[in-house]
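Biologist: Hi! Could you walk me through this structure? I'm new to it.

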Amino acid sequence: MLGSLVGGEVASTMHKGPYDTLNLAHEAVQLWLAENGEESGGAPWEVYITDPGEVPDPAEWLTEIVHPIKSG
């Protein structure tokens with residue numbers, strides 16, 4: 001599969017904790033977008049910073065949440 005990643009502005013946050021609470025971080029970014037007059041520019045993504053194999057405590061896991069911002 002071949003794809004491309006187009007550059008642009010994003011809104012992001014760092015989530016610390018287990019994966020089952022990632023939805024809270026996504027909701028926080030969506031709220032920030034709405035409060036700042038911005039619109040989502042596509043599907044968000046997650047960057048898993050911490051390897052659970054190296055850091056077994058889910059309370060210490062770091063995940064970056066990234067939402068593209070619609071340009072315009």
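Modeller: Happy to. Helices (H or I, at least four residues) and strands (E, at least two) are DSSP runs, numbered from the N terminus. This is a predicted model, where local features need pLDDT of at least 70, side-chain atom pairs count only at pLDDT 80 or more, and totals for chains, interfaces and linings use all residues. Residues are numbered from 1 along each chain as its sequence is written, and side-chain values use heavy atoms, leaving out hydrogens and water.

Biologist: Thanks! Where does His15 lie?

Modeller: His15 is part of strand 1.

Biologist: Is His15 buried or exposed?

Modeller: His15 is buried, because its relative accessible area is 8% (buried means under 20%, exposed over 50%, partly exposed in between, with a 1.4 Å probe and protein chains only).

Biologist: And which side chain has a polar contact with His15?

Modeller: That of Thr21, at 2.9 Å. A polar contact is a pair of N or O atoms within 3.5 Å; within protein, one must be able to donate a hydrogen and the other to accept it, and residues adjacent in sequence count only if both atoms are side-chain atoms.

Biologist: New topic: where is Tyr19?

Modeller: Tyr19 sits in the loop between strand 1 (10-16) and helix 1 (22-35). Tyr19 counts as partly exposed because its relative accessibility is 30%.

Biologist: What is Tyr19 in contact with?

Modeller: Beyond its neighbours within four places in sequence, Tyr19 is in contact with Tyr48, Thr50, Pro52, Trp61 and Thr63, where contact means heavy atoms within 4.5 Å.
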